[in-house]
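Good morning, and thank you for joining this group meeting. I will present one structure today, and I ask that you keep the display in view as I speak.

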Amino acid sequence: MLAEKYLRDAMMPHIWCPGCGHGIIVHAVLRAIDQLGLDQDKTVIVSGIGCSSRAAGYMNFDTLHTTHGRALAFATGVKMAKPELNVIVLTGDGDSVAIGGNHFIHACRRNIDITTIIFNNSIYGMTSGQYSPMTPQGSYATTMPFGNLDRNFDLCELAKGAGATYVARGTAYHAAMLTNLIKKGIENKGFSVVEAISQCPTYFGRRNRMGGPVDMLNWQKEHAVTAAAAAKLSPEQLAGKFVIGELHASEAPEFSEEYRKVVASLQGKE
Ligand code: SF4
Ligand code: MG
């Protein structure tokens with residue numbers, strides 16, 4: 001039923017590989033939108049470039065499939081022009097924090113009311129497996145054939161440090177939890193970041209000998225620790241694991257509203 005209501009039949013079949021995690025994440029986004037009862041005509045989906053960014057084209061909303069790394073710049077324009085719209089950005093790890101990194105930190109800093117879901121598969125999938133700022137150190141990629149020398153970002157710490165007012169991490173495996181995290185992100189009046197860990201069996205999984213899609217989903221299950229459980233564990237016990245759940249929530253003035261107040265005062269309306 002969700003597919004009938006929210007997917008563009010004419011755009012099927014999608015381009016994703018069998019076993020890719022991106023479809024699971026899109027489903028979580030659609031469940032969140034449906035459960036919140038968002039108006040389909042007042043919800044805009046914006047994406048950049050990459051496997052995950054193809055999602056915007058498949059979804060039956062007003063959608064913008066933009067240029068590489070610039071989804072947040074376009075989304076900012078939409079929100080500033082029409083603040084009554086729900087603006088959701090779907091982006092990948094390469095798109096959002098490599099070429100789009102500067103847009104990302106400044107959107108966090110501004111606290112503009114946009115929900116960004118980052119499909120983190122630790123690699124550039126669409127362009128055949130180059131390493132991204134989220135490829136773990138030591139992992140293999142087309143452009144790091146002897147193991148990645150770079151340290152990866154902690155996306156959620158980056159978002160929190162830059163000023164985002166809602167930050168959470170989920171996985172394709174924990175799909176029901178992911179839906180709830182996305183719902184909370186949409187409800188937050190400010191900039192929300194939900195990192196959704198996804199599996200790319202075709203490039204990341206194969207090159208790193210992680211097995212098939214089911215093995216990769218099991219890897220997510222086995223390495224994720226909920227925020228509540230993590231609070232009771234030592235750094236040694238958490239080594240090699242990652243924390244899922246709501247990681248940060250705070251309040252700050254929302255940019256589009258503050259901007260409008262200035263405009264109203266200059267026009268003598270306030
Ligand atoms: Fe998914 Fe990877 Fe295939 Fe892209 S290349 S569709 S991320 S499995
Ligand atoms: Mg990626």
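A residue is called buried here when its relative accessible area is under 20%. By that cut-off, Asn121 and Ile123 are both buried. Please bear in mind throughout that this is a predicted model.

Let me begin with the metal site, to which both of those residues belong. Which residues coordinate the magnesium ion, ligand 2? The donors are Asp93 through OD, Asn121 through OD1 and Ile123 through its O atom, at 2.1 to 2.2 Å. Along the sequence, these donor residues follow the spacing D-x27-N-x1-I.

Setting aside neighbours within four places in sequence, Asn121 contacts His22, Asp93, Ser198, Cys200 and Phe204.

I turn now to backbone geometry. Ser122, although not a glycine, has a positive phi of about 70°. Ser122 is also in the loop between β4 and α7, and it counts as buried because its relative accessibility is 14%. Ser128, in the loop between β4 and α7 as well, has a positive phi near 85°. Is Ser128 buried, exposed or partly exposed? With a relative accessible area of 29%, Ser128 is partly exposed. The peptide bond from Met12 to Pro13 is cis, with omega near 5°. Pro13 is situated in the loop between α1, residues 2–6, and α2.

Next, the helix packing. Two packed helices are described by the angle between their axes and the distance between the axes. Helix α2, residues 22–36, packs with α8 at an angle of about 50°, the axes being 8 Å apart. The two helices are therefore oblique to one another, and their crossing is right-handed. On the α2 side the contact includes Ile24, Ile25, Ala28 and Val29, while on the α8 side it includes Leu178, Ile182 and Ile186. By class, this contact of α2 with α8 comprises twelve nonpolar, two polar and three charged residues.

A second pair is α4, residues 71–81, and α13, residues 255–266, whose axes come within 9 Å and cross at roughly 45°. That angle makes α4 oblique to α13, and the crossing is right-handed. Here Lys79, Met80 and Ala81 of α4 meet Phe255, Ser256, Tyr259 and Arg260 of α13. These residues divide into four nonpolar, one polar and two charged.

I close with two further loop residues. Where is Phe191 placed? Phe191 is in the loop between α8, residues 175–187, and β6, residues 192–197. Its relative accessibility is 0%, so Phe191 counts as buried. Beyond residues up to four places away in sequence, Phe191 touches a set that includes Leu72, Phe104, Ile112, Ile114 and Tyr166. Asn208 is in the loop between α9, residues 201–207, and α10, residues 213–223. Asn208 counts as buried because its relative accessibility is 17%. Leaving aside neighbours within four places in sequence, Asn208 is in contact with Ser139 and Tyr140.

How values were computed. Residues numbered from 1 in each chain as written. Chains lettered and ligands numbered in written order. Predicted model: local features only at pLDDT ≥ 70, side-chain atom pairs only at ≥ 80, totals over all residues. Heavy atoms only, no water. Helix = DSSP H or I, 4+ residues; strand = E, 2+ residues; numbered from the N terminus. Buried < 20%, exposed > 50% of the residue type's maximum accessible area, 1.4 Å probe, protein only. Contact = heavy atoms within 4.5 Å. Axes fitted to C-alpha atoms, helices over the stretch in contact; angles between N-to-C directions. Parallel < 35°, antiparallel > 145°, perpendicular 65-115°, else oblique. Left-handed = near helix turned anticlockwise from the far one by under 90°. Nonpolar A, V, L, I, M, F, W, Y, C, P; charged D, E, K, R; others polar. Donors = N, O, S within 2.8 Å, 3.2 Å for Na, K, Ca; no water.
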